[in-house]
Amino acid sequence: MNVMLDLRPGLKRRIWAHLLQNGLEQVAFAFAGVAGADPMVLNPKEAYLAPPDDFALQTGDCIELGDEARARIIKHAWDTETALVEFHSHPTDRRPAMFSGSDLAGFAEFVPHCRWRLRGRPYLALVVNPVGVDALVWTAHPRSPIALNAIRLGYGRRIVPSHRTIAAI
Ligand SMILES: [Zn+2]
């Protein structure tokens with residue numbers, strides 16, 4: 001199954017500028033329409049750039065959203081009938097992008113809950129660093145994410161994830 005994320009260049013610039021603004025990990029969400037089965041295309045309508053108040057914990061290599069922020073973000077996806085696209089950054093990592101073990105542990109807890117709340121809509125997570133992106137998509141089994149094929153920026157421009165995480169799990 002193929003999955004694409006269509007991201008307008010202006011929205012991409014805003015999200016990346018937020019994620020890589022300093023040496024701290026940052027988080028953003030996009031609320032996306034979903035079209036097609038294969039390829040499935042996620043098309044964000046709007047973005048939410050999480051401010052410091054949203055976090056229970058925020059350091060150079062660890063970040064955790066507070067319960068209130070999580071609940072509010074899921075509710076907004078529900079109200080707008082969109083799927084959640086989560087972005088977070090590893091701002092000081094210059095190797096090809098890859099989720100950490102603690103990222104994966106967090107997904108094991110959060111993604112099934114979120115997909116249950118959103119009636120099984122897909123969940124896309126991306127990790128962004130100064131050199132690239134990696135991504136995982138949950139479309140069916142809660143413990144078995146699949147790869148995102150590409151982020152399409154329009155005019156044939158695309159970002160292909162490193163796929164390092166999917167190769168390792
Ligand atoms: Zn991480």
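Ground rules. Residues are numbered from 1 along each chain as its sequence is written, and side-chain values use heavy atoms, with hydrogens and water left out. The model is predicted, so to speak: local features need pLDDT of at least 70, side-chain atom pairs count only at pLDDT 80 or more, and totals for chains, interfaces and linings use all residues.

Histidine 88 and histidine 90 are both buried. Buried means under 20% relative accessible area, exposed over 50%, partly exposed in between, with a 1.4 Å probe and protein chains only.

Next, the largest pocket. Its volume is about 520 Å³. A pocket is an open set of points on a 1 Å grid over the protein atoms alone, where a 1.4 Å probe fits, with protein on both sides within 12 Å along at least five of seven lines; lining residues have an atom within 4 Å of a point. Points are joined across faces, edges and corners, and the volume is the space filled by probe spheres set on them. The lining has 21 residues, with Ile63, Glu64, Arg70, Ser102 and Gly106 nearest the centre. Two or more residues each come from β2 (27–35), β5 (63–65), α2 (67–80), β6 (83–89) and α3 (101–117). These elements are DSSP runs numbered from the N terminus: helices are H or I, at least four residues, and strands are E, at least two. Helix α3 gives the most, seven residues. By class, the lining has nine nonpolar, four polar and eight charged residues. Ala, Val, Leu, Ile, Met, Phe, Trp, Tyr, Cys and Pro count as nonpolar, Asp, Glu, Lys and Arg as charged, and the others, Gly among them, as polar.

Now the strands. β7 (residues 123–129) and β8 pair antiparallel over seven bridges; pairing takes at least two bridges in DSSP. A hairpin of two residues joins β7 to β8. Valine 127 stands opposite aspartate 134 in β8. Strand β8 (residues 132–138) is largely enclosed by the rest of the structure, because seven of its seven residues are buried. Gly132, Asp134, Leu136 and Trp138 point one way, and Val133, Ala135 and Val137 the other.

Last, the backbone. Most residues other than glycine have a negative phi, and most peptide bonds are trans. Where is the cis bond? A cis peptide bond joins aspartate 38 and proline 39, with omega about 5°. Proline 39 sits in the loop between β2 and β3 (40–49). Arginine 119 has a positive phi of about 55°. Arginine 119 lies between α3 and β7, in the loop, and is exposed at 65% relative accessibility. Histidine 163 has a positive phi too, near 60°.
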